[in-house]
Amino acid sequence: MVGLIAVVAAASSRSWSSLISAFRIAYLLTRPLGARLGNYLPQAPDNGGLGLGTVSTSALFVATMRGLVAYLSATRRDVSDRDSRAVLR
């Protein structure tokens, strides 16, 4: 799985594929992991989960997404030269 994501990242950074197709492929590859975490975190410890509950799990996911958006907005690490040239035209 990690190897496939690395191939997608390399392909998008070297312009072998479009950024949209790279995003969609990465989304498809990582979606099962997100679903697994979404089921594992709220599940009771007796059933093999962490027992956080659905509200705490949702709050954790929202906080993580907000943190990532704030980080990328502040650092602009997600903006490539290719993106900035397209915006300037």
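How many aromatic pairs does a search of the whole structure find? I ran the search and got 1 aromatic pair. I noted that the rings of Phe23 and Tyr27 have centres 6.5 Å apart and planes at 20°, so the pair is stacked. The rule I used pairs rings of Phe, Tyr and Trp (its six-membered ring) with centres within 6.5 Å; planes under 30 degrees apart are stacked, over 60 edge-to-face, and the rest tilted.

Before going on, I noted that this is a predicted model, with local features needing pLDDT of at least 70 and side-chain atom pairs pLDDT 80 or more, while totals for chains, interfaces and linings use all residues. Residues are numbered from 1 along each chain as its sequence is written, and side-chain values use heavy atoms, without hydrogens and water.

**Chain and helix α2**

I counted 4 helices and 0 strands in the protein chain. Helices are DSSP runs of H or I with at least four residues, strands runs of E with at least two, numbered from the N terminus. Phe23 and Tyr27 both sit in helix α2 (residues 19–40), 4 residues apart, about one turn of the helix.

**Exposure**

I looked up accessibility next (buried is under 20% relative accessible area, exposed over 50%, partly exposed in between; 1.4 Å probe, protein chains only). Phe23 is exposed at 58%, and Tyr27 is partly exposed at 44%. Of the 89 residues in the chain, 9% are buried.

**Pockets**

A pocket here is an open set of points on a 1 Å grid over the protein atoms alone, where a 1.4 Å probe fits, with protein on both sides within 12 Å along at least five of seven lines; lining residues have an atom within 4 Å of a point.

The largest pocket has a volume of about 420 Å³. I listed its lining as Leu37, Phe61, Thr64, Met65, Leu68, Leu72 and Asp78. Helix α3 (residues 54–75) gives the largest share of that lining, 5 residues.

The second largest pocket has a volume of about 270 Å³. Its lining includes Phe23, along with Ile5, Val8 and Leu19.

Key
Points joined across faces, edges and corners; volume = space filled by probe spheres on them.
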